[in-house]
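Morning, everyone. Let me put the structure up, and then we'll go through a sheet and an interface.

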Number of protein chains: 2
Amino acid sequence: MNAKLKGKMLIGQSGGPTAVINQSLIGAIIAAKSQENITGILGAKHGIQGIMDEDFIDLSAYELAKLERIAITPAAALGSVRLKPGKAECVRVFEVFKKHDIRYFFYIGGNDSAETAHIISEMAKEAQYDFCTVHIPKTIDNDLKVTDHCPGFASAAKFVAQAFMGDDRDNRALKGIKVNVVMGRHAGFLTAASALARQGDESRGPHLIYMPERAFDRAQFQQDVRQVHAKWGRCVIAVSEGISDTEGTPILSSNEKDSHGNVQLSGTGALGDYLSALIKDAFSEPMRVRADTFGYLQRSFPGVISEVDAQEARMVGTYGVEQAVQQASSGSVAIRRLSDKPYESDCFMTPLSSVARESTEMKDAWIHENGHDITEDFLTYLTPLVGELPIVDEF
Amino acid sequence: MNAKLKGKMLIGQSGGPTAVINQSLIGAIIAAKSQENITGILGAKHGIQGIMDEDFIDLSAYELAKLERIAITPAAALGSVRLKPGKAECVRVFEVFKKHDIRYFFYIGGNDSAETAHIISEMAKEAQYDFCTVHIPKTIDNDLKVTDHCPGFASAAKFVAQAFMGDDRDNRALKGIKVNVVMGRHAGFLTAASALARQGDESRGPHLIYMPERAFDRAQFQQDVRQVHAKWGRCVIAVSEGISDTEGTPILSSNEKDSHGNVQLSGTGALGDYLSALIKDAFSEPMRVRADTFGYLQRSFPGVISEVDAQEARMVGTYGVEQAVQQASSGSVAIRRLSDKPYESDCFMTPLSSVARESTEMKDAWIHENGHDITEDFLTYLTPLVGELPIVDEF
């Protein structure tokens with residue numbers, strides 16, 4: 001125990017919201033309350049932006065019942081931000097840290113947030129400011145390195161699975177071809193989770209699953225859809241928003257970019273409408289083709305939460321604070337899977353540099369060789385994270 | 001008791017699926033099993049289409065446990081159809097009824113289905129064929145006449161409310177302007193249900209609610225959004241897919257029509273994208289504007305079900321069969337509200353002609369005079385139908 005590192009902690013949230021990101025926040029706050037070395041618990045509103053603006057909330061002031069209500073609320077309760085600090089911003093952040101005697105900084109976010117935490121950690125070393133920064137993972141994309149999976153993913157996966165369960169029944173009732181566009185810029189995990197909807201025989205959809213890890217060939221897609229339609233008289237399709245063609249060009253891209261340079265893919269129905277048109281062109285007779293884009297619902301829907309996900313999101317927050325105080329060293333919290341059946345996991349610390357900036361994607365062993373489906377291995381990985389799903393049945 | 005009307009019953013489902021339409025189906029099947037006058041229970045696949053094709057399932061063959069699993073499955077388990085029978089089809093339907101000694105016909109659907117039931121009922125009278133046809137109501141649009149509300153609506157309303165609860169938190173975390181397009185061609189009930197998401201102070205969204213009952217003025221819309229954004233730094237908007245301008249022209253219409261002559265509004269993101277562009281044009285600086293179209297998820301999502309809705313959907317199925325056997329006369333089942341607190345309802349029969357073809361919409365007393373909000377009266381009407389919602393809270 002390093003008794004020297006005593007001071008206030010600051011916690012912030014960054015990047016896209018998830019349904020359980022506040023579990024991590026509340027886990028960290030509750031853990032911090034019993035740490036003598038933590039002399040104050042501040043929340044930064046809208047992440048790095050709130051630090052620069054000194055826009056803080058005193059988080060030690062809230063009752064447990066209030067904290068628990070916030071824990072089950074989707075989307076960053078402190079406010080989030082999509083801002084990667086440059087040199088000038090980092091200088092400002094340090095001024096603020098010193099001014100407020102902040103010795104612990106916890107940043108809940110994805111790989112961009114890990115990079116921010118890493119940059120700040122390196123600056124603290126250079127400045128010989130005695131300081132500890134911990135990245136607490138979250139992302140519905142499930143694309144962080146090192147960790148077995150990311151808090152936030154399994155609840156989004158549950159939403160996607162339930163959506164496809166119902167939509168497949170809808171498509172069976174009123175036959176046609178249905179495209180559902182799922183979040184996932186470079187990683188197909190969430191789109192692949194649609195496969196959990198197949199409770200039953202092979203007639204159950206989704207019948208085709210296109211992930212960004214495989215090049216999207218328009219002509220092949222049209223042929224795939226024709227084949228499924230010929231067999232079942234209908235077709236339900238899951239498509240990642242980030243699919244690209246064989247040259248690596250996104251099938252659909254707009255001009256709007258966020259401050260990380262990422263192109264806007266969500267919050268528009270354009271890709272779904274484009275794929276609908278491709279499908280209509282693939283048939284000589286008129287087809288009933290519909291497309292839905294799941295959009296922000298899949299990351300912030302209250303009431304459709306994976307229990308494992310909620311527990312693990314709480315766990316990484318708690319663990320991050322405990323480790324920071326015990327070790328007084330910076331790092332990123334990761335999840336280790338101990339067992340599939342019964343499902344068990346624990347946490348460990350990994351260097352910030354091992355998580356920052358870069359991301360992972362679906363393993364080759366998880367993608368079917370036909371390029372438009374997943375494997376049993378992937379279901380073994382995913383099923384315990386998502387947990388129980390509703391029952392659907394048919395005559 | 002009219003002991004003369006003895007024979008087989010046929011049941012079918014029609015129109016857009018709902019999350020509880022199979023509760024009505026299973027309620028009818030279970031009720032029929034104990035009726036001596038019902039000598040067989042047949043299900044028509046895909047409604048009228050299945051009758052013409054004699055594509056039937058023997059529904060008396062299934063065990064109770066199987067039936068109960070189907071009851072909780074969203075979307076028409078018998079298959080649905082959007083087909084209004086013409087003269088030739090009706091002649092064919094009668095041939096089939098006589099051939100199979102069908103004396104009871106139950107059709108679960110909206111006003112188009114009630115009209116089909118009515119036409120068949122009238123033909124039976126003319127042909128002096130001893131016969132009873134009962135329309136069992138369902139529609140997420142909640143636009144049937146006579147009944148207090150329609151089975152299927154409250155579960156879709158619950159989905160919409162939860163979606164807005166989460167999306168409002170998402171929008172609070174990452175500020176901007178968000179449009180959500182909700183189903184509803186002529187009636188704004190489902191869009192209006194988004195108001196249930198406002199658990200808390202007036203900063204909670206949706207901040208603007210546009211229903212098809214009021215003309216949509218583009219310039220007024222832009223001004224409304226600017227005002228909300230100036231006040232809260234963000235804006236969450238609920239819009240019915242069927243909004244039309246002051247001349248009655250739909251804001252966005254495609255060329256695709258179904259067999260009832262209805263224009264396709266769902267299954268495309270075009271309206272949301274159009275409104276996003278309108279909003280961007282309303283500001284001099286660049287705005288973060290996103291649009292989601294809830295699409296088919298809102299009518300077929302398993303696991304987000306109103307308990308009252310599920311119970312009432314079962315009730316109308318059971319009641320329809322019992323009344324048909326006891327009264328041996330045709331009609332449509334309607335729900336009567338007995339009390340708001342505690343919520344209580346029962347059923348009664350209304351003539352098919354009172355429900356067929358025409359539809360209702362939101363009462364004037366339920367729409368705020370500003371034209372982009374609902375009233376307390378509407379919340380009094382809606383709240384007991386939807387039941388408990390998840391908790392969301394904030395610092």
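Start with pairing: two strands pair if DSSP finds at least two bridges between them. Helices (H or I, at least four residues) and strands (E, at least two) are DSSP runs, numbered from the N terminus. This is a predicted model: local features need pLDDT of at least 70, side-chain atom pairs count only at pLDDT 80 or more, and totals for chains, interfaces and linings use all residues. Residues are numbered from 1 along each chain as its sequence is written, and chains are lettered from A and ligands numbered from 1 in the order in which they are written.

Look at β1 (residues 7–13) and β4 (residues 102–109) of chain A. They pair in the parallel sense, over six bridges. Within β4(A), Y104(A) is the bridge partner of M9(A).

Now the whole sheet. It is open, with seven strands in the order β3-β2-β1-β4-β5-β10-β11 (chain A), and the pairing is mixed. At the edges stand β3 (56–58) and β11 (344–350) of chain A; each has a single partner strand, so one side of each is left without a neighbour in the sheet.

Next, the interface. Contact means C-beta atoms, placed from the backbone, within 7 Å. Chain A gives 48 residues and chain B gives 48 residues. On the side of chain A that touches chain B, α6(A) brings the largest share, nine residues.

Which surface does each copy use? 100% of the interface residues of chain A are also interface residues in chain B, so the copies meet through the same surface.

Definitions and conventions:
Contact = placed C-beta atoms within 7 Å.
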